[in-house]
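Student: Could we go through this structure together? I would like to start with the surface and then look at the backbone.

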Amino acid sequence: MELNVFRLMRITAFLLLAGFLEVSAHGHAQERITLSEKNVPLIKIFDDIQKQTSYNLWYDKKQFQNGETISIDVKNATLTEVLELCSNRLSLQYTLDGTIVTIRAKLILDQPAPTMDVKGRVINEKEEPVAGVGVTVRNSRQGAVTDMEGAFTLEHLDSNAILVFSGANVEGHEERLNGRRQLVVVLKSKINKLDEIQIIGYGTTTQRLSTGSISKVSADVIEKQPVSNPLAALEGRVAGLFIQQQNGIPGGVVNVQIRGQNSIANGNSPLYIVDGVPFNSTPLQQVTQANFKLSPFNSINPFDIESVEILKDADATSIYGSRGANGVILITTKKGKSGKTRLEGNIYTGFGQVSRMMDLLHTSEYLQMRHEAFTNDNYVATVVSDPDILKWDTTRYTDLQKVIIGGTAKITDAQLSLSGGVVNTNFLIGASYHRETTVLPGNFADNRVGFHLNLNHSSQDHKFSISLMNSFSVDGNNLSKTDPTQTIILFAPDSPPLYDSLGKLNWAQGSWSNPLAFTNIKYNTQTDNLISSANLKYEFLPGFNFKLDGGYTQQGIYEVIKFQSTAFSPTSTLKPFSQFGNNHIKTWNIEPYLDYDKRFGKGKLNALVGTSFQESDVNGSAINASNYTSDALLDNIAAAGSLSVIRTTAIQYRYSAVFGRVNFNWQDKYIINLSGRRDGSSRFGPGKQFASFWSIGSAWIFSKETFFKSLSILSFGKFRVSYGTTGNDQISDYGYLSSYSPTIYPYQGISGLYPTRLFNPDYSWEVNKKFDAGVELGFYKDRLTFNLNYYISRSSNQLIAQSISGLTGFSSIQANLPALIENTGIELELNTINIKNKNFAWKSSFNLTIPRNKLISFPGLASSNYATVYVVGKPLSILELFKFTGVDPSTGLYFFEDQKTGKGTFNPTYPDDLIAVDLSKKYYGGFHNSLQYKNWQLEFLIQFVKQPLYYSPPNAPGFLSNQPLNITRRWQSAGQITDIQRFTATFEDAYTAYGNYRSSNYAVVDGSYFRLKNISFSYVFSPVFVNRLHLAGLKLFIEGQNLFVITKYPGLDPENNSLSLPTLKVSTAGLNIIF
Amino acid sequence: MQSKQNYHINKISLIFLALVTLNSCKKFVEIDPPVTQISSNTVFTSDATATSAMAGVYSQMMQQVGSAAFPNGSPTILMGISSDELQNFSSNPDYNEFGNNNIKPPNTEIQNLWNQGYKYIYDANAIIEGLNSSNGVSPAVKEELIGEARFCRAFCNFYLVNFFGNIPSIVSTDYRVNEIAFRIDRDSIYKSIIHDLTSAQDVLSTDYSFSKGERIRPNKWAANALLSRVYLFNGDWANSEKQASSVIQNVSLYSLVPDLNAVFLKNSSESIWQLLPVAANYNYSTEDAYWFIPSNGAKPNAALNSTLLQAFELNDQRKINWVDSVSYSAQLYYLPFKYKVTGTMNSTEYYTVLRLAEQFLNRAEARAKQNNIADAETDLNIIRNRAGLPSLHAGDQTQLLGFIQHERQIELFAEWGFRWLDLKRTGTADAILDPIKAPIWQSTDTLYPIPHSEIGLNPNLTQNPGY
């Protein structure tokens, strides 16, 4: 039975039960009725019923004559069913007595009409609040607009009033109150990215109305990537954002740069804010022996993230004042959703392998190389220097790449969340588990357990609301101290067996350092991460909101590195030792502010003013514990024979600010946005602690102009310009303070003190002036959106350790250098819905960034520490290198240009013969496609980077170390033209030439690459099937990360450009269940 | 009505917010110094921390081993290879420039001599300033420490003026003044050195009680001994004699050690001021021992020059006890062997800065200059006799002065650059070095160049002639 009831009119009169009742009395209860009517008066339905049955319907015609119309479509329904249907939708009551049916309009006694106050909430099908939706009362002038929580209030409404909902990004809808005082309305979103909410500093906006340059990555993108670090999920997705994973070690550091390098010497990392609380992005490790850095972001569960907003220009970042110079990354975690309590589980498992290996020589080719080198140099091999020829079994072949880094990492990830709530209160509780082993031999793994809690509540009148977030994770990372890749990759291919006959590490009588030794140097870390935040809002007067954002984060690490005796060669005199480290960062912030919203006429004004207080305390230490008697005791600091303190750290960092913003919007057509902030930081000395930052942004939505409306294909058009200043205070703390530190050694038992710094209150913030202009266009009802951005940012007042005359007792002093660095760039983002029909949808998005970086001026460069590092007029990413001229055909040596004579030489002069070689990225971006056919979905992202890379192979061909295959085209005889020099085994000219090759532009290679960054394929089971299983949703998926890369790069992975462990290619499969 | 009330509330809350903010922001960002460091103000509030600041100077002077630093090693090695006593075999190009008397102003070792010298002057100035404005330090400790700081400042200035000639005089900690200081003439520098040392004499203790009986911090006698040298270098013979005599006559503290192998042992009776080796990772060895004694089978970094070897008289016990030889690549190298200990945790040697033998030679020269030939010969022969050599009797003052210079060359070889300093101050550098070092030698080589980068950083600095 299918029913369709449309209410199109409302009864405008209230009638008394009186008067004439037309009666017909015949019929039978079991009779069936079939009706198919559209927009007919009720009387017509009554007539039909009378005709089809023996019932007598008694009703007052007057009551229904001018009444509502109804559409009805029933087959073989009973009388009761039909009448129930009508009475549910329309205002009527009926009684049934035998075959007599009495029908009357619903009796309402009050006169005048009863009224009530209504509170409602508008959400979309994803159960997200929809702000800015207009709610009007039909046939009345009354109306309201939903706020950020989607809430609205209307007073003194007729209990049968019909509410009409309309908004830019939702489909229109009407709803009759039917006496309800509270309601939740679900509106279908129009598919328009322009109107998605974007989070900005102390507020929200949309792409349509934004005056700044902001990009957003949502949960649906992040969730589809099997990564443990949320930053890795942003790679290739956002124009202007360059992300580089430094290695394939679980938890390894990820470098992030927004719009280029702004600072010569100091931090270039963006400001990270998680749910309103600043998040430390610097690795916490304290021990000195760990050979790689771990990212604090590994403590954040990507699945907990609702959205990541990347704020790029001054308009978006100057509200963060002194910390916005390198851009701001806002991470917002998931919130609960009102409605049915919902339990969601997501689990995947899979494996990872090194994404790329090198092609190296086989034993026979290797031996040939060695012997040729010996012949070339008239060198006689010795057992000590050349065990690979004279001591080891030269018939052996071991592919050490395969043995050491060729393993498979196992990845398991499980998420469970419970969410739900009622109109004004909702919650989310999540738990997560992530485990990732390594590709290395040895029992190494990273385990993270996390909890996430979110509570939202607002008062009945929506004047007060509170949102609480709490997330806690414990990440136990058991690794080796070293990434062994660099040391093992070029071992001789005839290297001895890794294990001896007893199953112990084979040291081959001390003739080699067993590449598996690292497995006996365990590096265990435990990182705890707590983020708590609270957001309060109180509307104390209409339009005036008092808001308070506050938070507390605590990151802590405990580390131990254990050098077991089995890590050392038996000939070594080293004894087992440990290093212990711990470090804690505690940060709290409180930010009260006032927010004012006012509509007048066709204008909208939003103003806010607030203040911010922040404190971070860092406490850490590292201890070297040596002279252990047994490997088994290495975890116990008390068992050490001697202890020495490596370092202790105690830092307090405080920060306060006053900020404000005024946003004026005229008819959603002209928008101007002014913001300012006065910032104070404890990192600067007395008198220099405060500085002001400001910005102005404006937008003109020209597609709203009448003269543009005739252009039918253009559905949206906006010009946007902003200019402003931001700052950078990423320098070490206490730099202004004259202080003494303990000397390394005591003097006659008296611990020494020495002056560490000059008293220097003179330096201040780095200042970054940003200009940004953009054009945003939407075509074909925004099915195609296009966003082109141009930016110039000039960074000056560079904070550097400026060289100072030794007469001062110091070699450098923290100072502001009037050097000027310019970053310019073009960013392009294109989103298209290529095909969309009932069964098939294909969407694409493309982003491209063309960055340029230039050192405009640097007074005193020649006498500074940077004299051979930078050149005025060139990018910061240059290297000063010799100019390669080729392999000299007569000597077989690499030759370089001697600038004085213009001739080639194997040994050019440093620094006279250096030339500046540009190593900056030419362009980068990503191309994302999403295809959906019925319940199947396929998404993939191709990331591309065009860049030169400096690549330095570690040893000269001919020495004891394996080599890539290309060395077989080496120079062998006089007159030969080739690009690989002759083999050598001695420290003579060929070795010198090889060293110079490493310092030459010949070592700069094409490091461009295309990478299938992510692919995901999923199947969503139909609701019918899912319901049969008593579930609310079921999805199966397979996902892959870094599955292939196309590059000419000769080394391992062009992404991390070093001989460190390449990023892993990861394949996983999993399922998502909603109960 | 309603709106008026709103207005007031708005206004009040805004004013409230503004007041709270502006008042609290400024105070909020003023933070205390970190607990792991001590602010300069608090260093000079107690005897213990003030003493630590002084100990920090000595500790730093000795913390760098493995590459020579001022004063641990570099005066001996660099001035040694600049002159005719040591031959450089180190592969370090910076050392080669010293050995060839062809120093280029960017030379790293030149920069180190300058920076390290002025660093300790800064430290001394900071201690003097800190103590002068301090109330928490007891008067006795304050006097002693100011004396030591003045001594250290004079000690550094003495070497700097000898390295570079005219130099800036740095007497405060204000970097804005110091970074643009002018060079002033050497006589003024010497005046300030004499002033510092005579002031120090008055306040320094007369024994070694401050350093628990160990001779590792300068006392009054160290100031006298250095002053004797300073007067000698400035031709003030009477004062030089007087200061040397005051030390020599203090027989309860100082006497020549008969066993030459015991002269450089810790707290030897001959030593007036020694520095305690502190570098644990180099097993507390002196830089001299570390540098001159090659590790197993390695080529020596430096060896005695043939002119020095030939200058030793027959049966000179110093050649037997203070010179060692090693063979490398079938060639014999003679090494300074005053310091003999490396690679053991319990070093028996301290790094001797001032010792009594120099005082005898200073006084001999001062007396000779004053035509007191007999007493001069007595002083000279005390040193000769200890080395197993017969007494000498000179025919005239000139011959005697020649004997004394020769004796200084032998007794003080490979020790604090005495040979280089003596050649310079006696005006004999050209005559003696030119034949040995020709054709590279130039008269201007007696002064080292002002570091290249210093001239770039301080517009008021001028370069020495010849560079």
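Predicted model: local features only at pLDDT ≥ 70, side-chain atom pairs only at ≥ 80, totals over all residues.

Student: Which residues form the positive surface patch?

Tutor: Lys126(A), Lys193(A), Arg783(A), Lys836(A) and Lys843(A) form it. Patch residues have over 30% relative accessible area and no salt bridge, and like charges are joined within 9 Å.

Student: Where is Lys193(A) found?

Tutor: Lys193(A) sits in the loop between β12 (182–187) and β13 (197–200) of chain A. Strands are DSSP runs of E with at least two residues, and helices are runs of H or I with at least four.

Student: On to the backbone. What is the phi of Gln667(A)?

Tutor: Gln667(A) has a positive phi of about 60°, although it is not a glycine. Its place is the loop between β31 (642–666) and β32 (670–681) of chain A.

Student: And Tyr734(A), is that buried or exposed?

Tutor: Tyr734(A) is buried, because its relative accessible area is 4% (buried means under 20%, exposed over 50%, partly exposed in between, with a 1.4 Å probe and protein chains only). Tyr734(A) has a positive phi of about 65° and is not a glycine.

Student: Which peptide bond is cis?

Tutor: The bond from Phe70(B) to Pro71(B) is cis, with omega near 0°. Pro71(B) belongs to the loop between α3 (47–63) and α4 (74–82) of chain B.

Terms used: Residues numbered from 1 in each chain as written. Chains lettered and ligands numbered in written order. Heavy atoms only, no water. Patch = residues over 30% accessible without salt bridge, like charges linked within 9 Å, V, L, I, M, F, W, Y side chains within 5 Å. Areas by Shrake-Rupley, 256 points an atom, 1.4 Å probe, with all protein chains shown as cover. Salt bridge = Lys/Arg side-chain N within 4 Å of Asp/Glu carboxyl O. Lys, Arg positive; Asp, Glu negative; His and termini not counted. Charge placed at Lys NZ, Arg CZ, Asp CG, Glu CD.
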